[in-house]
Amino acid sequence: MSFSCDIAIVGAGMAGASLAAALVAHGAGGRIVMLEGEDRPGYHATGRSAAFWHETYGGPGVQPLSQASGPALWALGVLHKRRGLTLARKGQEAELHAFVERFAALGVRISVADRALITHYIPGLNPDYVLGALEEDCCDIDVAALHQHYLAEARQGGVDLLCDARVASAAREGEDWALTLADGRTVQARLIVNAAGAWADGLATMAGAAPLGITPYRRTMIQARVDPAPTDNLPLVLDLDESFYFKPESGRLWLTPHDETPTPPCDAAPEEIDVALGIDRLEHITDWRVERIEHRWAGLRSFAPDRLPVYGFDPAVPGFFWCAGQGGFGIQTAPAGADLAARLLLGLEAGAVAPEAYRPGRFVQG
């Protein structure tokens, strides 16, 4: 079986699906196809996210994408108010104040919370924690609903989705691309979009483009029954050192030791040592006790060397477009990231976020 298209988007997770929907919204002509290597879209990073919309997450370089995505996420009804609280220990007071000032200057609603306020939200908190940065606008995200929305928008706009369609080879044939899938099917495409997540550098190498150093990192998540049970008003709780975060979920606690273990692209699974580390950190942060681990999982977060996403045409290989390196913030930045990428792909004027900081050419020496 063979077919042709104008744009082949490799990957139908959040990055690929949101871009496909954005291309439809911008009136892209021609046939667009999403090629998903698994038997269903969203199997890897998208389907394993403990997602939230937290404007300071990812740092100042990511914040414009998060901020610009907020109104769209609210309009879609996928946000649910949570609050965010970043903790600082004794000796980190100046760092915490600088953190608040930096993001407040970017337009984030953030304030310093004293010991009394942070213990109001987190009873039993270790006395070493003395200050917090409180973000009232932090929200949980219904990841599945958001992903399904983008898939539906793409489908209604005429985008085709092919599952079990792992790309085995990619080669230029004149002005077009010839893709061969693992099952022998072939695809002719004018443009390739690299939305392959953890496999992004591998796809680039296959297509003759220089890899950008996009590295997958394993992140472990734990769902636990704890005593006392988390209250409904518990915020998303993080620390300045990025050594943990936790949040309530249906009377349970979702917890991570914030591990980042470099790993080849794979179907990630949690390691017992990381699960144990997460529990140990929680029990040092609070006087809570983990009664039972009900579920554990791991996903891959893929980062470029500067930890910013990559959007734009490859500087050396014609017709090869990057939409990769979204790290752990790809869900919360999906609306703005997809709009930015679609505008670049179609040659339109920039939208709410300027694209310069995210172009792949930033990694080219000289």
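Predicted model: local features only at pLDDT ≥ 70, side-chain atom pairs only at ≥ 80, totals over all residues.
**Notebook: a pocket and a helix pair**

I sorted the lining of the second largest pocket by class and got 8 nonpolar, 6 polar and 4 charged residues. Residues are numbered from 1 along each chain as its sequence is written, and side-chain values use heavy atoms, with hydrogens and water left out.

I looked up the volume of that second largest pocket: about 290 Å³. (A pocket is an open set of points on a 1 Å grid over the protein atoms alone, where a 1.4 Å probe fits, with protein on both sides within 12 Å along at least five of seven lines; lining residues have an atom within 4 Å of a point. The volume is the space filled by probe spheres set on the points, which are joined across faces, edges and corners.) Of its 18 lining residues, T56, F99, D239, L240 and E242 are the closest to the centre. Helix α3 gives the largest share of the lining, 5 residues. (Helices are DSSP runs of H or I, at least four residues, and strands are runs of E, at least two, numbered from the N terminus.)

Next I checked helices α2 (residues 63-75) and α8 (residues 334-346): their axes, lines fitted to C-alpha atoms over the stretch in contact, come within 6 Å and cross at roughly 105°. Angles run from 0 to 180 degrees between N-to-C directions, and 65 to 115 counts as roughly perpendicular, so α2 and α8 are roughly perpendicular to each other.

Definitions and conventions: Parallel < 35°, antiparallel > 145°, perpendicular 65-115°, else oblique. Nonpolar A, V, L, I, M, F, W, Y, C, P; charged D, E, K, R; others polar.
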